[in-house]
Amino acid sequence: MFIHDSFDNASILFEQDYNNNNILVVSLLQHNFKVIGIYRQPNNQSDPNSILFNEVFERTLSKYPHSFVFGDFNINLLTVSEHTIRYQNAFSLNGFALLNEVSNIFPTRINKASGSISCIDHVLTDFHLYDLS
């Protein structure tokens, strides 16, 4: 994650790398919010690595409110599965909402070779529109 030098009071609050998954939490003190960057490697959603990611993700959201979350989650929200439902419940139960428009019109990845589309890059926040004005 790149932090521009105009953010004088930016500080790293939490950083965890495990099994090629990464979570970084940066506090932007002068703006009174946090930015959370996430990379989750693509894998079988029932493997232990995926289960660990879900646990760390939920703890991170509950511990760091007033945040914007950006990431390559490798969880395709254009498909409905037990895993996508569990992921959506994790962020919504912690007061976060997805800012992406989830539809076939706005995919975040397009595979031209196979013709497949996906929505695996997500932006979340627990700010409401009136909090941002």
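These legends describe close-up views of a predicted model.

**View 1. The largest nonpolar core.** This core holds 20 residues. Those with the most contacts inside it are I38, F57, V69, F73, Y87 and L124. Strands β2 (21-28) and β3 (33-39) each supply at least two of its residues, and so do helices α1 (48-63) and α2 (82-93). The largest share, four residues, comes from α1.

**View 2. Contacts around Y87.** Residues up to four places away in sequence are not counted here. Y87 then touches F57, F73, I75, L77, H122 and L124.

**View 3. A second core.** Seven residues form a separate nonpolar core. Among them are L28, F33, V35 and F127.

**View 4. The open sheet.** Six strands line up in the order β1-β2-β3-β4-β8-β5. Their pairing is mixed. At the edges stand β1 (10-18) and β5 (97-98), each pairing on one side only.

**View 5. The β4 and β8 pair.** Strand β4 covers residues 67-72, and strand β8 covers residues 121-125. The two run antiparallel and are joined over five bridges. Here D72 faces D121 of β8.

View 6. S118 belongs to strand β7 (residues 116-118). Its relative accessibility is 13%. Buried means under 20%, so S118 counts as buried. With neighbours within four places in sequence left aside, S118 contacts N76, L78, P107, T108 and R109.

Methods
Residues numbered from 1 in each chain as written. Predicted model: local features only at pLDDT ≥ 70, side-chain atom pairs only at ≥ 80, totals over all residues. Heavy atoms only, no water. Core = buried A, V, L, I, M, F, W, Y, C linked by side-chain atoms within 4.5 Å. Buried < 20%, exposed > 50% of the residue type's maximum accessible area, 1.4 Å probe, protein only. Contact = heavy atoms within 4.5 Å. Pairing = 2+ DSSP bridges.
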